Amino acid sequence: MENELFLERLRWPDVQAALERGMTTVVFACGAVEQHGPHLPLFMDAEHGTRLALEVARRLGNALVAPTIRVGCSEHHMAFPGTVSIQPATLEALCRDYCTSLARHGFRRILIIPSHGGNFAPIDGMLERLRDAVAPAATVESYTDLVTFIGVLRQATEQVSGLGARVLGHADIAESSIMLTLWPELVKVDAAEAGLMAELTPELMRRVFRDGFRAVTPNGILGDARGMSAAIGERCVAALADVLAARFATVAEAPVAAS
C-alpha cells in the first residue's frame with residue numbers, strides 16, 4: 001500500500017507505517033455541493049478538491065490525503081435547487097476536529113485547500129484558531145487567495161485555448177473543463193452557455209455574497225462555459241497544483257516537542 005495516498009483507503013497499520021517513514025504531512029480539501037450552471041453536476045467543487053489535494057500530495061512527496069469536506073459555505077447559491085450549505089461555524093468545527101484528530105496521530109503539517117470560493121474567507125478567518133487547537137504538535141496552513149486562484153485558472157486556459165477571458169470563477173470554461181477530466185459523462189456540453197461577463201471587482205464579489213448568485217447571473221455561471229476541453233482541464237489542475245505545492249513547500253513542520 002506504499003503508493004496509496006488516500007488516507008481513508010489505508011488500514012491503520014499502513015498509516016502507522018507511513019508516519020514512521022516520514023509521511024507526516026496531510027492535505028485535505030474543503031469543497032461544496034452546489035449549483036454549477038445548467039451543465040455541471042453539483043459536486044464540482046468537492047471532486048475538484050479531492051483531485052487537487054491528491055496532486056498537491058504527489059508534488060510534496062511526503063503527504064497523505066485526508067477525506068474532502070464535501071459540503072461548504074454555499075448560502076449564496078441557495079436560490080438554485082439542490083445546493084446544500086453549512087454555516088461558517090460548522091465548517092470551522094469540522095476543520096478543527098479534522099486537525100486535532102490528525103495531529104493526535106502524529107501528522108505535523110496539516111494543509112487545507114479550499115476548492116470552493118465561498119470557503120476561502122471563512123478558512124482564512126479560522127486559521128489562527130485551528131493552529132492554536134493543534135499547537136505545539138502540528139502546524140496548519142491554507143491557501144486563501146481567491147483572486148490568484150482564479151487567475152491561475154485564467155492563465156492556464158489562455159495558454160491552452162486562447163479563451164482565458166471566459167474564466168470568471170464559477171461554472172466557466174475552466175471549471176467545466178476540469179469536470180470533463182473527472183466525470184465527462186456528467187457534463188452536458190450542449191447546455192454550456194455564457195453567464196455574467198463582467199470584471200471581477202471587489203464590489204461584484206460583495207454583491208455575489210450579499211445578494212446571492214441568482215441576483216447577478218440567472219443561469220448560475222460567472223464567465224462562459226463554452227469551448228471547454230479535457231486538455232484545458234488537465235492544464236488547469238496541474239497549474240493550480242503547482243502553485244499550491246510551491247506555497248506549501250515553504251511551510252515548516254511543527255518543531256519536535258522535547259521529551
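Trainee: Is E203 buried, partly exposed or exposed?

Mentor: The classes are defined by relative accessible area: buried is under 20%, exposed is over 50%, and partly exposed lies in between, using a 1.4 Å probe and protein chains only. E203 has 40% relative accessibility and therefore counts as partly exposed. Please note that this is a predicted model, in which local features need pLDDT of at least 70 and side-chain atom pairs count only at pLDDT 80 or more, while totals for chains, interfaces and linings use all residues. Residues are numbered from 1 along each chain as its sequence is written, and side-chain values use heavy atoms, with hydrogens and water left out.

Trainee: With which residue does E203 form a salt bridge?

Mentor: Side chains of opposite charge can pair when their charged atoms come close. The criterion for a salt bridge is a side-chain nitrogen of Lys or Arg within 4 Å of a carboxyl oxygen of Asp or Glu. Here E203 pairs with R206, with 3.2 Å between the closest N and O atoms. The two are three residues apart in helix α7 (residues 202-211), so about one helical turn separates them. Helices are DSSP runs of H or I with at least four residues, strands are runs of E with at least two, and both are numbered from the N terminus.

Trainee: How many salt bridges does the whole structure contain?

Mentor: The search finds 17. One of them joins E234 to R51, the closest N and O atoms lying 3.0 Å apart. This pair links distant parts of the chain, E234 being in helix α8 (residues 230-248) and R51 in helix α2 (residues 44-60), 183 residues apart. E234 is partly exposed at 37%, whereas R51 is buried at 19%.

Trainee: How many cavities of 30 Å³ or more are there?

Mentor: Rolling a probe the size of a water molecule over the atoms shows where empty space is left. On a 1 Å grid over the protein atoms alone, a cavity is a set of points where a 1.4 Å probe fits but cannot get out, and lining residues have an atom within 4 Å of a point. Points are joined across faces, edges and corners, and the volume is the space filled by probe spheres set on them. The count is one cavity of 30 Å³ or more. The largest cavity holds about 230 Å³ of space.

Trainee: Which residues lie nearest the centre of the largest cavity?

Mentor: They are H116, G117, L146, G169 and H170, from a lining of 23 residues. Helix α5 gives the largest share of that lining, four residues.

Terms used:
On a 1 Å grid over the protein atoms alone, a cavity is a set of points where a 1.4 Å probe fits but cannot get out, and a pocket is an open set with protein on both sides within 12 Å along at least five of seven lines; lining residues have an atom within 4 Å of a point.
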